[in-house]
Structure formats: structure tokens, C-alpha cells
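Colleague: Could you walk me through how to read a few local features in this one?

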Amino acid sequence: MRILVVEDEKNVAAAVRKGLETEGYAVDTAADGSEGLWYATENPYDVIVLDIMLPKLDGFGVCRELRNAGVWTPIIMLTARTAEQDEATALDLGADDYLSKPFSLVVLKAHIRALVRRGSEPRPSSIEVGALSIDPAARKCRVSDRSVELTSREFSVIEFLARNPDRVVSKLDVLDNVWDYNFDGDPNIVEVYVRRLRTKLALPESGPAISTVRGSGYMLEVPAKSPAALENPENSV
Ligand code: CA
């Protein structure tokens with residue numbers, strides 16, 4: 001097992017290295033973000049432990065660039081205890097886990113073991129459903145090559161539908177996930193948003209489509225595979 005630790009605080013990096021080496025892991029350390037990015041791109045690691053506050057390129061930048069480059073090594077981000085937003089950002093950018101500082105080595109090792117079990121399957125941080133592409137971190141939405149301006153609420157509604165493709169979601173599901181707990185207005189507000197999304201997104205014939213399921217709710221229907229893809233299964237990886 002090979003682990004990369006990207007951390008500029010020398011004593012933290014040294015303690016983590018020592019702790020992991022006693023478990024039999026091979027450990028490399030990098031002291032800034034660009035060095036970390038280089039190591040992580042050039043070598044196969046089983047897990048990357050990545051600090052956020054780093055010289056040259058911060059941990060968010062390292063994580064984003066690795067995922068954009070198709071490197072899916074599991075990443076644990078080290079966050080500040082008081083910064084919940086950091087944890088959310090880390091996960092949105094494609095990190096797999098986070099640990100707030102200060103942390104104990106015993107806990108870090110347990111998190112590493114859990115990630116190693118999971119392996120480095122591709123886990124894109126953007127959600128792709130047919131021609132629709134949603135980037136939750138950047139709050140950007142694209143249909144084919146066209147970027148679509150959405151309000152924050154509209155974005156949350158389409159994000160929720162895109163996270164549940166080919167599943168019927170009720171108006172109440174949408175309300176529970178998109179509106180805050182205190183909302184006690186008319187659930188039909190969801191209809192208004194779906195109508196606006198259909199207009200703004202103008203989804204192409206090739207799909208997906210936001211369908212109304214009478215009496216139940218809505219479904220983002222995934223387009224069927226194109227005939228070309230079905231004819232040449234050896235082309236799909
Ligand atoms: Ca640091």
C-alpha cells in the first residue's frame with residue numbers, strides 16, 4: 001500500500017508518515033500543492049492525505065486538478081475543525097472523505113483502511129445525464145455545449161432530479177431536499193420550477209427529459225443508448 005501525504009506543516013507530516021510506516025504503508029510526503037499534484041499524477045497511490053491550506057496550490061486546487069485529469073485515487077482532506085464549508089467544498093470537488101484537524105492517527109488509519117477497500121473507481125464530481133451536465137461545486141449547468149443560467153433554487157431542483165435519474169420523485173421529495181425545513185407554502189411551487197426549468201434548459205430530442213408522472217411526481221428520464229454504442233460494445237470501456 002502506497003500513500004501520499006501532502007502537508008506543509010513538517011511535524012504533522014512527519015508524525016503521519018511515521019504512524020503509517022509502522023502499519024507497513026509506503027509513504028511519500030509533499031510539502032506544497034504543486035509538488036503534491038506532481039507526485040499524485042506521476043505515481044500510483046492507494047490513498048492521498050491532502051491538507052487544504054498549502055503553499056503554491058491549495059488542497060482544493062490539487063483535488064480539482066487530479067479529478068479533471070482523471071486521477072481517481074481516494075482522497076482524504078484535512079480540514080479545520082471550525083470550517084464546515086471546507087468539508088462540503090472538499091466533497092463537492094471530488095474528495096472522498098475528510099478529517100478535521102487535529103486528528104488522531106488511529107482515526108486516520110481507520111479512514112484510510114475504509115478508502116482502500118473502496119478503491120479508485122471513477123467518481124466524477126459533475127453529474128452527467130445525457131446532454132445535461134451539472135457541476136455542483138461550481139453551481140454550473142450545461143446542456144450539450146450551451147451553458148444555462150439558473151437561479152440558485154432552479155439549480156437545486158435540477159441537481160436533485162439529476163442525482164435521481166430514471167426515478168420518480170414526488171413534489172414532497174423535491175421540497176424536502178431543496179426547500180428549507182420551515183417552508184410551509186404550497187407544494188405546487190415545485191410545478192412552477194419544473195416548468196421554468198423545461199423552458200430554460202430546452203433539453204434536446206436526444207434527452208434527457210423531465211417527465212411528469214401523473215399523480216406521483218417527476219422523473220428525469222435517461223435517454224436510451226445510441227444505436228452506434230450498442231452495435232460496437234467493444235468500443236465502450
Ligand atoms: Ca497546512
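Colleague: Let's start with contacts. Which residues does D32 touch, leaving out those up to four places away in sequence?

Modeller: Keep in mind that this is a predicted model. Leaving out those sequence neighbours, D32 touches V6, P55 and K56. As for its place in the fold, D32 sits in the loop between strand 2 (26–30) and helix 2 (33–42).

Colleague: And is D32 buried or exposed?

Modeller: Buried means under 20% relative accessible area. D32 comes in at 12%, so it counts as buried.

Colleague: What does the side chain of D32 reach?

Modeller: The backbone nitrogen of E35, at 2.8 Å.

Colleague: On to the backbone. Where are the cis peptide bonds you'd point me to, and what is omega there?

Modeller: One joins K101 and P102, with omega about -5 degrees. P102 is in the loop between strand 5 (97–101) and helix 5 (105–118). Another runs from G207 to P208, where omega is near 5 degrees. P208 belongs to the loop between helix 8 (189–201) and strand 10 (209–213).

Colleague: Now phi. Which residue other than glycine has a positive value near 50 degrees?

Modeller: That's S144, in the loop between strand 8 (140–143) and strand 9 (146–148). D166 also has a positive phi, about 60 degrees, although it is not a glycine. Look for D166 in the loop between helix 6 (152–163) and helix 7 (171–178).

Colleague: How does accessibility read for S144 and for D166?

Modeller: S144 has a relative accessible area of 47%, so it is partly exposed. D166, at 44%, counts as partly exposed too.

Terms used:
Residues numbered from 1 in each chain as written. Predicted model: local features only at pLDDT ≥ 70, side-chain atom pairs only at ≥ 80, totals over all residues. Heavy atoms only, no water. Helix = DSSP H or I, 4+ residues; strand = E, 2+ residues; numbered from the N terminus. Buried < 20%, exposed > 50% of the residue type's maximum accessible area, 1.4 Å probe, protein only. Polar contact = N/O pair within 3.5 Å; in protein donor to acceptor, adjacent residues only side chain to side chain. Contact = heavy atoms within 4.5 Å.
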